[in-house]
Amino acid sequence: MHQAPQTPKIAELSWSGTPSGATYTYSMSVDQQTSSFVTVSSGTDITLSRGHYYAIAYIDFTRTASTTNNEIYWHLDGSQIGMRGGSDHYQNESNDNPEATFSVDSSATLTLRQTAWSGSAITLTSHCKAFIWRVDK
Amino acid sequence: MSYSLIQRRIKASILYADASARNISASAGTVIPFDGFHDLVGSASAGFSASSGVISLPAGYWYVLKGSVQARFADRSGHVKYIWKDDSTNSDLGRRGTLIMQEQSQLFGGDEFAVCVVDATAGSVDIKLAVESIANVTSLNNTTDQRVAGWIRAEIWRITG
């Protein structure tokens with residue numbers, strides 16, 4: 001079905017937190033957005049309305065040992081989605097960002113979670129930013 | 001020219017900026033000398049200009065910028081970090097990019113893209129990509145073995161708010 005071209009909406013968020021265990025949900029805060037479509041509740045839950053989305057969380061960290069590695073995924077309504085991110089791409093010598101594309105029929109909650117670790121947490125810096133793109137569905 | 005059918009359905013212009021200078025000596029504070037703009041989707045590049053690497057973003061739009069550098073490291077511990085800045089205030093915009101050797105584990109890390117969102121709906125905004133920290137780097141946009149490294153570049157999305 002043909003759809004008229006539409007303007008994408010973009011939100012910039014900061015994410016932060018210090019995991020104390022293997023699993024952890026990061027805190028999110030909205031820095032700015034091109035038009036209001038994202039809200040955060042309970043400090044961690046990104047509320048999204050009907051639409052098509054792309055989300056990416058850029059990582060930036062320090063750590064006390066090069067063996068300290070964390071694995072991070074986006075979760076939609078509690079279910080893991082998209083591509084794995086983390087430090088050292090979780091023990092494989094590179095850094096990568098969790099990314100996901102998804103659609104929402106009515107409303108949904110998006111969270112960013114650590115899903116595994118090497119036994120301790122990396123230290124996130126203020127340069128950890130997430131960007132969420134939205135177009136109408 | 002368009003990337004794909006889905007991008008033809010998005011109301012945005014996409015272009016990239018590059019820097020013609022080669023073998024650039026850099027230190028903290030060095031401004032990446034962007035001086036070229038090339039259309040990928042749409043034809044917005046003619047409205048862009050740069051002076052000493054400071055890019056003037058035309059008024060009336062939101063922008064998303066993703067910038068990264070190319071560097072030749074002097075050794076495996078080399079790194080360079082860079083971030084977009086508002087030229088009028090020198091304040092940071094968005095998040096920094098970090099370039100390190102993939103094969104060399106460090107006690108710091110991050111994605112290579114410096115990314116920011118800029119609101120220029122009320123007036124043009126001058127921005128720059130500046131080196132935040134650098135060590136063990138021979139030069140940026142280095143021509144040695146360039147065939148495997150690409151060049152300094154920035155992707156710019158221009159979006160109507």
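1. Two strands count as paired if DSSP finds at least two bridges between them. In this predicted model, strand S6 of chain A and strand S9 of chain B (residues 108–110) are joined by three bridges and run antiparallel. One of the residues involved is Phe61(A), whose bridge partner in S9(B) is Gly109(B).

2. As a general point, strands of a sheet pair through backbone hydrogen bonds, either parallel or antiparallel.

3. On the contact between the chains: 28 residues of chain A touch 26 residues of chain B. On the chain A side, at least two residues each come from strand S1 (9–16), strand S6 (60–62) and strand S11 (129–135). By residue class, that side of chain A holds 14 polar, eight nonpolar and six charged residues.

4. The largest nonpolar core has 74 residues, and Ala130(A) and Tyr82(B) are those with the most contacts inside it. Strand S5 of chain A (residues 45–58) gives this core its largest share, seven residues. Nonpolar side chains tend to be buried together in soluble globular proteins.

5. Which residues does Tyr82(B) contact, leaving aside its neighbours within four places in sequence? Ile32(B), Val69(B), Ala114(B), Leu129(B), Ala130(B) and Val131(B) are among them, and so are Gly97(B), Arg96(B) and Glu132(B).

Definitions and conventions. Residues are numbered from 1 along each chain as its sequence is written. Chains are lettered from A and ligands numbered from 1 in the order in which they are written. This is a predicted model: local features need pLDDT of at least 70, side-chain atom pairs count only at pLDDT 80 or more; totals for chains, interfaces and linings use all residues. Two residues are in contact if their C-beta atoms, placed from the backbone, lie within 7 Å. Helices (H or I, at least four residues) and strands (E, at least two) are DSSP runs, numbered from the N terminus. Ala, Val, Leu, Ile, Met, Phe, Trp, Tyr, Cys and Pro count as nonpolar, Asp, Glu, Lys and Arg as charged, and the others, Gly among them, as polar. A nonpolar core is a set of buried Ala, Val, Leu, Ile, Met, Phe, Trp, Tyr and Cys residues joined through C-beta atoms within 7 Å. A residue is buried if 20 or more other C-beta atoms lie within 10 Å of its own, exposed if 12 or fewer, and partly exposed in between; C-beta atoms are placed from the backbone.
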